[in-house]
Amino acid sequence: MSISTAGVLARPNEDGFAARSTPRARKRRLPDLRRWLSPLALLVLWQVASSTGVLPPDKLASPLTVFNSAVELTADGQLGSAFVVSMGRVAGGFAIGAFIGVALGLLSGLSRWGERVFDPPVQMLRTLPHLGLIPLFILWFGIGEQPKLALVAAGVAFPLYLNLHAGIRQTDPGLLEASRVLGYTGVERVLHVVLPSALPQTLVGLRISLGAAWLSLIVAEQVNAEAGIGYLINNAREFLRTDVVVVGLLVYALLGLATDGLVRALERRLLRWQAR
């Protein structure tokens, strides 16, 4: 027998079967197109301001110019190769940071001694700004890929640690007491009670960590980058190509939204037991 916060069943109807979703309920799950009205209005306003000369191209290129530049960069392969390099940096840094954040979160969350040992230095280090870490990482790792990976890992580790630690500490005492009464061992309580209870908070930390990974990459790729999206942006800045700068920023934003969407889909799958 296993105690877990998972396993919430659908309420049966009068015939004894789970209620099926109605067409009206399915309609509610469709995206609300009205949310796109304000972004489209801003896009039109931006194009009008550029076309009338209110917004000069050396300050900000028009949406049509940005679109044409994106097509050109994609066609000649520059954007694709930069995308691959930046994805590799995020993946490597995220793997390192996630391992550190989860390991420290488990040690600090499951053990009082672990909390006393690891939590104070983590709380101090997480307040350091990323830009302040760059000189130190360059002295430690040089000017290659290592400081970029370290910067992304630092951005990932702290949010994941904080949310995993908080999720473990907020486990329902009633569930823990029930597991003791049923004779669960300490390991079984962790596997069947503590970790499932901490899962929602941990997934929130995962979403924040992925966002922090892309923000950290933007900073990291400004440091002696020879490839990647940040390299394209730096080169475009030297030649006052605001259209290419905007393309690079849009790629960062779209990648961040895509990874956040993947985690949200994972949340819906793993947390189906939660009452909505």
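The largest cavity of this predicted model has a volume of about 50 Å³. A cavity is a set of points, on a 1 Å grid over the protein atoms alone, where a 1.4 Å probe fits but cannot get out; grid points are joined across faces, edges and corners, and the volume is the space filled by probe spheres set on the points. The structure holds one cavity of 30 Å³ or more. Its lining, meaning residues with an atom within 4 Å of a point, consists of Ile134, Phe137, Ile138, Pro147, Lys148, Leu151, Ala220 and Val223. Helix H6 (130–141) and helix H7 (146–169) are the elements that give two or more residues to this lining. Helices here are DSSP runs (H or I, at least four residues), numbered from the N terminus. By class, seven of the lining residues are nonpolar, none is polar and one is charged; Ala, Val, Leu, Ile, Met, Phe, Trp, Tyr, Cys and Pro count as nonpolar, Asp, Glu, Lys and Arg as charged, and the others, Gly among them, as polar.

The model also has pockets, a pocket being an open set of points with protein on both sides within 12 Å along at least five of seven lines. The largest pocket has a volume of about 310 Å³. Of the 15 residues that line this pocket, Ile100, Leu125, Ala154, Ala157 and Phe158 lie nearest its centre. H4, helix H5 (112–125), H6 and H7 each supply at least two lining residues, and the largest share, six residues, comes from H7. The lining comprises 14 nonpolar residues, one polar residue and no charged residues.

The elements that give two or more residues to it are helix H3 (63–75), H4 and H10. This lining divides into nine nonpolar, five polar and three charged residues.

Helix H10 (residues 229–238) has as its buried residues Ile229, Gly230, Leu232, Ile233, Asn234 and Ala236, where buried means under 20% relative accessible area with a 1.4 Å probe and protein chains only. These residues pack against helix H4 (78–110) and helix H11 (242–270). H10 is followed by Leu240, which has a positive phi, near 60 degrees.

Helix H4 also contains Ser108. Ser108 is buried, with a relative accessible area of 0%. Leaving aside neighbours within four places in sequence, Ser108 is in contact (heavy atoms within 4.5 Å) with Gly114, Glu115, Asp119, Tyr161, His165 and Arg169. The side chains of Ser108 and His165 make a polar contact at 3.4 Å; such a contact is a pair of N or O atoms within 3.5 Å in which, within protein, one must be able to donate a hydrogen and the other to accept it, and residues adjacent in sequence count only if both atoms are side-chain atoms.

Confidence is expressed as pLDDT, the predictor's confidence in each residue, from 0 to 100. The protein averages 80, and 87% of the residues score at least 70. Among the elements, H4 has the highest mean pLDDT (90) and helix H1 (residues 23–28) the lowest (50). Over residues 1–21 the pLDDT is below 50, and this stretch has 29 contacts in the model beyond near neighbours in sequence. Where pLDDT is low, the predicted coordinates should not be read in detail.

Residues are numbered from 1 along each chain as its sequence is written, and side-chain values use heavy atoms, with hydrogens and water left out. Local features need pLDDT of at least 70 and side-chain atom pairs count only at pLDDT 80 or more, whereas totals for chains, interfaces and linings use all residues.

Terms used: Buried < 20%, exposed > 50% of the residue type's maximum accessible area, 1.4 Å probe, protein only.
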